[in-house]
Amino acid sequence: MSPTPIHPDDLISAYADGVLNDAERAAFEQRLESEPALRAELERHERAMGALRDLYNPDAPRERTGPAQSPVAEPPAPLQFPKKPRRTWQFAAAAVILLALIVGNFMMRSGNGPSITTPEAVYRALHANGFRPDFVCTDNPGFIQAVRVRMGQGLMMTPASLATGDISLVGWAYGGSYSQIISPATLVLMAHYKGQEVLVLIDHISVDRALAKPESADLHMFKSVVGNLVLYEVSPLSEPVLLPHLVDPDQAH
Amino acid sequence: MDGRQITDLLEQHRRPLWGIAVAIVRDRALADDVVQDAAVIALQKAAEFDPATNFLAWASQIVRYTALNQRRKVQRDPVVPAGSLEHNDRPGASPLSALDRAETNERLERALDTLDETPRACVVLRGALGLSYKEIAAALSIPEGTAMSHFFRASRALRAALSDETEPRP
């Protein structure tokens with residue numbers, strides 16, 4: 001396919017992109033032989049495309065940056081779509097299929113020895129930014145779904161624990177905004193317990209490792225295992241307040 | 001359409017969806033997150049998708065909104081994008097060539113900043129991910145010819161960004 005007419009300045013892109021027809025290509029190659037400036041421009045084009053592929057290669061290893069990209073501000077605005085009658089869709093079936101997404105995600109996140117951050121550093125960074133989530137998630141259905149999509153196993157708060165009003169789910173901080181916490185795929189759940197900010201780090205037990213305990217006395221960390229997931233709770237509280245209430249929804253019924 | 005079908009389609013179109021996300025948030029790790037969150041939203045809205053319409057165009061809108069929201073958050077708290085901190089150093093690359101590449105990447109990033117969203121998406125989807133114009137057109141809901149024109153013009157801007165660059169060192 002060759003757009004007509006091609007702007008003279010676009011001939012280089014069109015040639016490199018392979019969209020010139022035979023006659024156009026032959027004419028362009030003839031010019032290349034006699035015009036060093038054109039050859040240099042073509043070389044620049046190839047260099048630019050090569051750098052672009054380097055910068056945005058989806059398969060390249062991720063290097064997580066600091067707690068630099070702070071989780072901030074309000075949740076994503078609601079999307080507007082034409083309304084149709086809502087159907088009930090099945091969690092269980094979706095869960096099985098969603099594994100494909102997770103595998104894809106893990107493939108994209110294959111590591112190259114990323115730098116590591118500590119649970120305490122993540123807690124401090126989120127606290128400093130007003131404990132605002134990247135992705136709001138305040139109820140169990142959304143919570144179960146988000147964990148299932150990313151981890152292949154759901155996780156939920158026991159309804160009784162939410163009913164007390166002591167615990168409120170806030171949402172998720174993007175684990176991708178931080179250096180490796182447990183693994184590059186660690187989920188960061190934000191919640192409040194009687195007004196206190198509480199974090200729960202969630203990952204596959206297969207990637208669990210010894211995390212650095214908080215150095216300061218005003219923060220505490222606790223660990224539990226739910227199915228194939230390992231959970232770390234970080235808060236100023238002297239005992240875990242979320243971990244005892246986090247269960248596998250498939251086992252809860 | 002049920003969750004299983006939506007998930008299959010999401011997986012099938014993962015590459016262009018990721019390309020749209022990374023063209024907006026300009027950070028590969030954040031693009032991963034955006035695509036994941038968009039997948040959750042798409043599954044929540046599975047019943048709203050009309051199978052008579054183009055799935056990629058529908059899912060692209062979700063990715064786009066999710067990515068724009070994420071970018072707005074980052075812009076409120078500006079930091080150096082992770083993508084510009086990493087250079088995918090190849091084994092055996094000399095420090096000098098790494099410097100060259102870093103400079104090239106920085107110039108490209110700045111040139112990309114000057115582009116509007118659609119041309120930027122076109123150049124990322126075509127130049128970096130190698131999508132066909134047909135796929136790009138479907139993903140961005142624009143005609144193929146327009147996708148090509150955007151790519152050509154955006155490529156020109158990227159070339160211009162490198163035009164006064166010091167010639168590569170031997």
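1. B:Arg26 sits in the loop that links α2 (14-25) and α3 of chain B. Helices here are DSSP runs of H or I with at least four residues, strands are runs of E with at least two, and both are numbered from the N terminus. B:Arg26 is not a glycine, yet its phi is positive, about 60°. Most residues other than glycine have a negative phi. Is B:Arg26 buried or exposed? B:Arg26 is buried, because 23 other C-beta atoms lie within 10 Å. The cut-offs: buried means 20 or more other C-beta atoms within 10 Å of the residue's own, exposed means 12 or fewer, partly exposed is in between, and C-beta atoms are placed from the backbone.

2. This is a predicted model, in which local features need pLDDT of at least 70, side-chain atom pairs count only at pLDDT 80 or more, and totals for chains, interfaces and linings use all residues. Residues are numbered from 1 along each chain as its sequence is written, while chains are lettered from A and ligands numbered from 1 in the order in which they are written. The model has ipTM 0.79 and pTM 0.54.

3. Chain B has 9 helices and 0 strands. Of its 170 residues, 51% are buried. Take the contacts in chain B between residues at least 6 apart in sequence: 73% of them join residues at least 24 apart. A contact means that two C-beta atoms, placed from the backbone, lie within 7 Å.

4. In chain B, α1 (residues 3-12) packs against α3 (residues 28-44) at about 145°, and the axes are 9 Å apart. Axes are lines fitted to C-alpha atoms, for helices over the stretch in contact; angles run from 0 to 180 degrees between N-to-C directions. From α1(B), B:Gly3, B:Ile6, B:Thr7 and B:Leu10 meet B:Ala39, B:Ala42 and B:Leu43 of α3(B). The residues of this contact comprise 5 nonpolar, 2 polar and no charged. Nonpolar covers Ala, Val, Leu, Ile, Met, Phe, Trp, Tyr, Cys and Pro; charged covers Asp, Glu, Lys and Arg; the others, Gly among them, are polar.

5. Helix α8 (residues 133-140) of chain B is largely enclosed by the rest of the structure, because 7 of its 8 residues are buried. Among them are B:Tyr133, B:Glu135 and B:Leu140. B:Ser141 follows α8(B), with a positive phi near 55°.

6. pLDDT is the predictor's confidence in each residue, from 0 to 100. The chain B average is 81, and 81% of the residues score at least 70.

7. Chain A has an open sheet of 6 strands, in the order β1-β3-β4-β5-β7-β6, with antiparallel pairing. Strands pair if DSSP finds at least two bridges between them. The edges are β1 (135-136) and β6 (220-226) of chain A; each has a single partner strand, so one side of each lacks a neighbour in the sheet. β3 (residues 167-173) and β4 (residues 187-193) of chain A pair over 6 bridges. A:Gly171 stands opposite A:Met190 in β4(A).

8. A:Phe131 lies in the loop between α5 and β1 of chain A. Its phi is positive, near 55°. A:Phe131 is partly exposed, with 18 other C-beta atoms within 10 Å.
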